[in-house]
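The sequence and structure come next.

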Amino acid sequence: MAAIADCARDGVRALNDQLRKRGIGGIVVTTPGVRALGAGVLTLITDAVARFDAFSADNDPYGEHDFGVVQVKGHTVFFKIDAYDCDLRWHSPDPADPTVTRRVMTLMLAEEY
């Protein structure tokens, strides 16, 4: 049973990393605060999120690489990846299966949380 759970977690992590690092396999949304920083800073934020590798048991307890915090130009930015069904209405029935899942990565300023 643990091997199945490990396999699913590994699949979720790989799909989350694909979106976070390459922008593939989902959509990225930004909050008004992030958009207000301008396109240049947004580029720096997406680069910092793509390079983020400080996952630990404290910030990634399930090993899915679905949340992190980066510092860019004096701003604390959170990224969060959620897995929805294909209609973006409910949680995905199987986040490890990209055929039934749409990923959404949200970029937000810490003060917007």
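## A helix residue and its surroundings

Gln18 is partly exposed, with a relative accessible area of 25%, where buried means under 20% relative accessible area, exposed over 50%, and partly exposed in between (1.4 Å probe, protein chains only). Gln18 belongs to helix H1; helices (H or I, at least four residues) and strands (E, at least two) are DSSP runs, numbered from the N terminus. Leaving out residues up to four places away in sequence, Gln18 touches Gly23, Ile24 and Gly25, contact being defined as heavy atoms within 4.5 Å. Gln18 and Ala50 stand 32 residues apart in sequence, and their C-alpha atoms are 9.2 Å apart in space.

## Basis of the values

The model is predicted, so local features need pLDDT of at least 70 and side-chain atom pairs count only at pLDDT 80 or more, whereas totals for chains, interfaces and linings use all residues. Residues are numbered from 1 along each chain as its sequence is written, and side-chain values use heavy atoms, with hydrogens and water left out.

## Salt bridges

Side chains of opposite charge can pair when their charged atoms come close. A search of the whole structure finds seven salt bridges, each being a side-chain nitrogen of Lys or Arg within 4 Å of a carboxyl oxygen of Asp or Glu. One of them joins Arg20 to Asp17 at 2.9 Å, N to O; because Arg20 and Asp17 are three residues apart in helix H1 (residues 2–22), about one helical turn separates them. Arg20 counts as buried, at 4% relative accessibility, and Asp17 is buried as well, with a relative accessible area of 13%.

Another salt bridge pairs Lys80 with Asp66 at 3.5 Å, N to O. Lys80 lies in strand S3 (residues 75–84) and Asp66 in the loop between helix H3 (39–51) and strand S2 (67–72), so this pair ties together parts that are 14 residues apart in sequence. Lys80 is partly exposed, with a relative accessible area of 26%, whereas Asp66 is buried at 17%. Elsewhere, salt bridges that share partners join Asp6, Arg9, Asp10 and Arg13 into one network.

## The nonpolar core

In soluble globular proteins, nonpolar side chains tend to be buried together. The largest nonpolar core here has 16 residues, and those with the most contacts inside it are Ile45, Val49, Val70, Val72, Phe79, Met105 and Leu107; such a core is a set of buried Ala, Val, Leu, Ile, Met, Phe, Trp, Tyr and Cys residues joined through side-chain atoms within 4.5 Å. H3, S2, S3 and strand S4 (102–109) each supply at least two residues of this core, and H3 gives the most, with four residues.

Leaving aside neighbours within four places in sequence, the contacts of Phe79 include Val49, Met105 and Leu107, and among them are also Arg20 and Asp66.

## Cysteines

A disulfide is a covalent bond between the sulfur atoms of two cysteines. The structure holds zero disulfides, the criterion being a pair of cysteine sulfur atoms within 2.5 Å. The sulfur of Cys7 is 20 Å from the closest cysteine sulfur, in Cys86, and is therefore too far for a bond. Cys7 is exposed, with a relative accessible area of 55%, while Cys86 is partly exposed at 40%.

## Surface patch and positive phi angles

Ile27, Val29 and Leu88 form a nonpolar patch on the surface, with about 190 Å² of accessible area together. Patches are made of residues with over 30% relative accessible area and no salt bridge, with like charges joined within 9 Å and nonpolar side chains (Val, Leu, Ile, Met, Phe, Trp, Tyr) within 5 Å; accessible areas come from the Shrake-Rupley method with a 1.4 Å probe, and for residues only the protein chains shown count as cover. Ile27, in strand S1 (residues 26–30), is partly exposed at 32% relative accessible area.

Leu88 sits in the loop between S3 and S4 and counts as partly exposed, at 36% relative accessibility. Phi of Leu88 is near 60°, a positive value in a residue other than glycine. Lys73, which is not a glycine either, has a positive phi of about 50°; Lys73 is placed in the loop between S2 and S3 and is exposed, with a relative accessible area of 64%.
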